[in-house]
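Okay, thanks for coming, everyone.

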Number of protein chains: 2
Amino acid sequence: MLGMNVPETIVITEVCPRDGFQNHKTPIPTDVKKEIIDDLCGLGFPRMEITSFVSPRAIPQMHDAPEIMRYFNEKWKGVVRGIALVPNIKGAENALEAGAKSLIFALSASEKHNMANTRRTVEGSLAELREICGLQGYEEIGIGIATSFTCPFAGDVPAEDVVRIIGASLDFGVAHITVADTMGTASPLQVEKTLTRIKKEFPGIDFALHFHDTYGFGLANVLTALRMGCDSFETSAASMGGCPFAPGATGNLATEDLVNMAEKMGIGTGIDLARLLTVSRGISEKLELKLSSHAVGACRNF
Amino acid sequence: MLGMNVPETIVITEVCPRDGFQNHKTPIPTDVKKEIIDDLCGLGFPRMEITSFVSPRAIPQMHDAPEIMRYFNEKWKGVVRGIALVPNIKGAENALEAGAKSLIFALSASEKHNMANTRRTVEGSLAELREICGLQGYEEIGIGIATSFTCPFAGDVPAEDVVRIIGASLDFGVAHITVADTMGTASPLQVEKTLTRIKKEFPGIDFALHFHDTYGFGLANVLTALRMGCDSFETSAASMGGCPFAPGATGNLATEDLVNMAEKMGIGTGIDLARLLTVSRGISEKLELKLSSHAVGACRNF
């Protein structure tokens, strides 16, 4: 039993510039976004969500998506895989026009959550995804499956619903799958059940996990996934974004918390924790955020 | 692989009235302590650390230990096992005189930490423990082994050091062992290694785990222990106590966070989460604490 069977290295997709900024309440100046993207790209993440091509009427924070995408491509293309979130075919077209090469399309495993978020059925979302996959000019299309474990409206989400979405997406040519616990309410047991099912149905595929730390389950769920051989995670520097539901609650699992635990377990991330903590503190200062990541909160021990 | 191999039920020892109060900076009126003890005992914990028989000069907060112990015995004896912490033979004598029946003696696995905390070598602490075990009138003596995984002064603590302390203690007649991650820096891998060693050396014994959530590893470490069949945990309501090192950092793993995860995994605790959250909120109000437990911070979802 000595020595856990976990991957030697993991891939971290940093989502702060997309998920973090998108959920930030006050407008972030474009120049500040660029600075933070530079700081994060300089840390060596292989993949990063850069921006979101949503309607500026719906989410004014993302009005500068084309400018951010072009800035990223000039400076970091070839170093970091920059990913643009697209909610529909129009967003995908705009993203490609701005030079995005990697797209991620978001939908929910829960029918009710998908309807609330996108005003479409899951079938409708999959039809939209198929259309996006038919576009020209991209290198990679991925999907982010929200509410893969639990839903605020429907409770526990059957693994079958996640499996069905993955199956359809693979048929359309989707190359990257992210399985997300949008509420932070999935227990390690639920994570194990759903991941077991996914791995059984699609033994070859590589997928990423996106956990929240709302109830402190973030690293316990990471550990569960690691023990099942999963080696790809989406996290947010400074724990930004991810719809925290109440004051004091954290949203996305903080990148620094994941890097810290991985380091202490001898799992390589390619990210230097001390430098990451400096960047995360910088983000919190620039955006006047209360830092809720554990690693930063307890930084005196580092 | 479906269905984790974890215990069906766990035993939670609530430590707020001892560990929590002892680490609280402002004096807590004796009546408030009694109220909180009543509130917690009413929740159904089978075991609770009630107070600490330390020198009132060293820790003025614990000056009322005899009164608290007597109050507890009048009201809750036979319902909850009330445990008194004793740092030395004098404390043990005072505890027994006040009517304590269950004692816990604290020492550190790390020689340097033990010296810093108790001004004794580990051998010296074990000699003191032997003397305490020779006293008359107790029902149970336990030990709490601080820095069982990592030490702020010495880094990683060899499992051998923990094993040696457990072995000696069992020889003296100690009936309850608590293995504690005092700094909150133990990774799940380290927890697995040390617990594997303990279980190999002492296959029959029952021991409790005491984790901190300083770096967000609390529930990941609980999960690791659960998967190894451990079913006894020490936690603190409202995450009180446990030497938080920096603002924003949490100390002891919050009882409500453990109960919440256990409940979501179908593991019985005997504790009603909603009632516990009410009590934890009450503690934070009475003591003007900033609540750092995840479950309370995000209580709108409950």
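Let's start with Glu288(B), which counts as exposed, with 7 C-beta neighbours inside 10 Å. On the cut-offs: a residue is buried if 20 or more other C-beta atoms lie within 10 Å of its own, exposed if 12 or fewer, and partly exposed in between, with the C-beta atoms placed from the backbone. Glu288(B) sits in the loop between helix 11 and helix 12 (294-297) of chain B. Its phi is positive, about 50°, although it is not a glycine. Most residues other than glycine have a negative phi.

Quick housekeeping before I go on. This is a predicted model: local features need pLDDT of at least 70, side-chain atom pairs count only at pLDDT 80 or more, and totals for chains, interfaces and linings use all residues. Residues are numbered from 1 along each chain as its sequence is written, while chains are lettered from A and ligands numbered from 1 in the order in which they are written. When I say helix or strand, I mean DSSP runs numbered from the N terminus: helices are H or I with at least four residues, strands are E with at least two.

Back to chain B. Ala238(B) also has a positive phi, about 60°, and is not a glycine. Is Ala238(B) buried or exposed? Buried, with 29 other C-beta atoms within 10 Å. Its loop runs between strand 10 (232-235) and helix 10 (255-264) of chain B.

One more loop residue: Asn23(B), between helix 1 (16-22) and helix 2 of chain B. Asn23(B) counts as partly exposed, with 17 C-beta neighbours inside 10 Å. How far apart are Asn23(B) and Gly242(B) in space? They are 219 residues apart in sequence, but C-alpha to C-alpha it's 6.8 Å.

Now helix packing, still in chain B. Helix 2 (residues 30-41) and helix 11 (residues 273-286) have axes that come within 10 Å and cross at roughly 170°. That makes helix 2 of chain B roughly antiparallel to helix 11 of chain B. For the record, angles under 35 degrees count as roughly parallel, over 145 as roughly antiparallel, 65 to 115 as roughly perpendicular and the rest as oblique. The axes are lines fitted to C-alpha atoms, for helices over the stretch in contact, and the angles run from 0 to 180 degrees between N-to-C directions.

Who touches whom? On the helix 2 side of chain B we have Val32(B), Ile36(B), Asp39(B) and Leu40(B), and they meet Val279(B), Gly282(B), Ile283(B) and Lys286(B) in helix 11. By class, that contact has five nonpolar, one polar and two charged residues. Contact here means C-beta atoms, placed from the backbone, within 7 Å. As for the classes, Ala, Val, Leu, Ile, Met, Phe, Trp, Tyr, Cys and Pro count as nonpolar, Asp, Glu, Lys and Arg as charged, and the others, Gly among them, as polar.

Helix 11 of chain B also packs against helix 10 of chain B, at an angle of about 165° and with axes 10 Å apart. Those two are therefore roughly antiparallel as well. Helix 10 of chain B passes helix 11 of chain B in a left-handed crossing; left-handed means the near helix is turned anticlockwise from the far one by less than a right angle, right-handed means clockwise. From helix 10 of chain B, Thr255(B), Glu256(B), Val259(B), Asn260(B) and Glu263(B) meet Leu273(B), Leu276(B), Leu277(B) and Ser280(B) in helix 11. The tally there is four nonpolar, three polar and two charged residues.

Over to chain A. Helix 10 (residues 255-264) of chain A is mostly covered, with eight of its 10 residues buried. Among them are Leu258(A), Val259(A) and Met261(A), and also Glu256(A) and Asp257(A). Just after that helix, Gly266(A) takes a positive phi of about 75°.

Helix 7 (residues 159-172) and helix 8 (residues 188-201) of chain A pack at about 35°, axes 9 Å apart, in a right-handed crossing.

Last, the overall picture for chain A: 12 helices and 10 strands, with 55% of its 302 residues counting as buried. Among contacts between residues at least 6 apart in sequence, 74% join residues at least 24 apart.

Technical notes: Two residues are in contact if their C-beta atoms, placed from the backbone, lie within 7 Å.
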